[in-house]
Amino acid sequence: MICVTGDLHGDLTRLNAPVLRKLKKGDALIITGDFGCIWDGSKKEQKTLKKLGKKKYNILFVEGVHENFELLEKYPVEEWCGGKTRLISGNLRQLMRGQYYEIAQKKVFAFGGGQSDENSSYLEPDDEQKWLRELPTDEELAEGLQNLAAHDNFADIIVTYEPPARMIEFIDIGTTSRNHINTYLDTVLDTAKFGMWYFGKRHINKLIPPRYRCIFDAVEVADSTRLPKQKPSSSKKEKKTGKKDDKNRSEGE
């Protein structure tokens, strides 16, 4: 089972949503950017991240634009469920740009990062080079299309921070939000077949029929597929069979 929510900005009260009580081991909550819980590196923050990592389900996020990228990039990169992730703590991970995963039996394509409306001078070198980190690199853009192509250009769920450019006219995001990232996502839109596309950024909850969802503070079930129940181990089977044999012997006597 997979649930999705939008920009968190460090507000953990949303994790009290009743629907999340249904999540079990192997299930996931995916956050569509601006996670905001990796911000100052304090002991209190580290304690919070460890607590989140101890959830029985996976908490996964793509990065938005309001992140502390310097801290985020210090976490180790490892492969998980078929794609590259940053392991934050336990079951808490960042889904990296352009990566493809199989999560709770569903195929998920993720692409975080974007262009913040308040920062438009990306091409002018200054002391605030950290802002450049919110922008995907050419390598990440190319890798995303390559990963999709390697999986027949299909995903059950696409999760991004930015919307595809063609979705702009359907939501109130202003005239300054067209950029090379959401234009790139138009290419993904034209290339990939998918079940549902979730994106954040604009702090509204709006369904764009039939397959696009701008999401903010709602917590929604994106897919209710359950992982198959684990078969009992051979030792358990033997114990159960042994008890049955003992009972049959005692009845025979």
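Partly exposed describes a residue between the two other classes, buried being under 20% relative accessible area and exposed over 50% (1.4 Å probe, protein chains only). The model is predicted, so local features need pLDDT of at least 70 and side-chain atom pairs count only at pLDDT 80 or more, while totals for chains, interfaces and linings use all residues. Residues are numbered from 1 along each chain as its sequence is written, and side-chain values use heavy atoms, with hydrogens and water left out.

**View 1. The salt bridge of lysine 107 and glutamate 102.** The side chains of lysine 107 and glutamate 102 meet at 3.2 Å, N to O, in a salt bridge, meaning a side-chain nitrogen of Lys or Arg within 4 Å of a carboxyl oxygen of Asp or Glu. Glutamate 102 is partly exposed at 45% relative accessibility, and lysine 107 is likewise partly exposed, at 28%.

**View 2. The salt bridge of lysine 84 and glutamate 143.** The closest N and O atoms of lysine 84 and glutamate 143 are 3.4 Å apart. This pair links distant parts of the chain, 59 residues apart, with lysine 84 in strand E5 (residues 83-89) and glutamate 143 in helix H3 (residues 138-150); helices (H or I, at least four residues) and strands (E, at least two) are DSSP runs, numbered from the N terminus. Lysine 84 is partly exposed at 33%, and glutamate 143 is partly exposed at 22%.

**View 3. The salt bridge of lysine 201 and glutamate 162.** The side chains of lysine 201 and glutamate 162 meet at 2.9 Å, N to O. Lysine 201 lies in the loop between strands E10 (193-199) and E11 (206-208), and glutamate 162 in the loop between strand E9 (154-160) and helix H4 (180-191), so the pair ties together parts 39 residues apart in sequence. Lysine 201 is buried at 8% relative accessible area, and glutamate 162 is buried at 1%.
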